[in-house]
Amino acid sequence: MASASDIDTVEGGTVEDVFDTTGRPPTGWMHAIFHGGPYGEDVGRCVPGPPAPDLLTVPSAGDVHVYRLRTVGSWSDPDDPIAVYDPDGPPVPPLLLTDQEKEWLREGQRRRGLGPIRLVALVHGRMARDPDASTIESMLAGLRNREHLVLQRLTDPDEGDSYLHVLLDEDDTYEVEHQADTGAGRDRTRSASRAAVRDAVLRWAADRPSRRTALEGPESGDGT
């Protein structure tokens with residue numbers, strides 16, 4: 001259980017690295033669930049309370065990230081309340097793999113006697129190597145509001161990054177952004193149709209430009 005010395009609080013109700021490993025929060029603190037943001041993948045984090053603060057601010061990449069209280073509930077024990085927070089800041093996609101990380105994956109494949117990895121799919125806390133259509137569909141269907149699915153092609157360093165982001169926004173529409181390489185502009189479109197987004201994502205993953213749709217943006221050279 002965290003003690004007072006484990007709790008690093010900052011003015012404004014900032015919550016730091018406080019975890020409960022006993023099934024009960026530390027005295028004066030309560031469990032919390034964070035939907036995205038810097039703490040979106042944490043399990044066991046606690047916040048001051050009860051009552052739960054309406055706003056929490058946390059440091060993030062040299063800036064401050066704000067969470068807003070959505071509701072307070074309980075697993076089953078009214079004496080063990082759980083605060084549910086949504087991030088106020090913009091949704092943050094998983095980071096693309098760096099050239100070094102891509103090389104580690106290639107080396108791992110070589111050591112196993114396997115061929116090169118062509119594509120990775122990234123959701124916060126999960127990576128799939130060369131995902132098939134059913135895996136991509138499952139990851140897309142499993143997105144929660146404000147979460148991203150990222151597909152990244154593993155190219156040679158001098159070719160630049162080729163990726164596709166899918167964000168499920170709070171209004172249940174999908175924002176799709178893709179970039180051919182580091183020197184190209186980004187195409188960004190929005191759709192309320194999961195089926196249309198799924199088809200566009202699967203075509204992009206299969207690298208079938210002949211079947212492009214308006215959702216994927218114009219092909220280079222179309223002049224539109």
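Two strands count as paired if DSSP finds at least two bridges between them. The strands (E, at least two residues) and helices (H or I, at least four) are DSSP runs, numbered from the N terminus. Keep in mind that this is a predicted model, where local features need pLDDT of at least 70, side-chain atom pairs count only at pLDDT 80 or more, and totals for chains, interfaces and linings use all residues. Residues are numbered from 1 along each chain as its sequence is written, and side-chain values use heavy atoms, with hydrogens and water left out.

Let's start with the sheet. Valine 64, in E4, is the bridge partner of proline 59. E4 covers residues 63–74 and pairs with E3 in the antiparallel sense, over 6 bridges. Zoom out and you'll find an open sheet of 5 strands with mixed pairing, in the order E2-E1-E5-E4-E3. E2 (46–48) and E3 (55–60) sit at the edges with a single partner strand each, so one side of each has no neighbour in the sheet.

Now for the helices. H2 (residues 133–141) packs against H3 (residues 194–206) at an angle of about 140°, with the axes 10 Å apart; axes are lines fitted to C-alpha atoms, for helices over the stretch in contact, and angles run from 0 to 180 degrees between N-to-C directions. The two helices are therefore oblique to each other (under 35 degrees is roughly parallel, over 145 roughly antiparallel, 65 to 115 roughly perpendicular, and the rest oblique). Where they touch (heavy atoms within 4.5 Å), Ala133, Ile136, Glu137, Leu140 and Ala141 of H2 meet Arg194, Val197, Arg198, Val201, Leu202 and Ala205 of H3.
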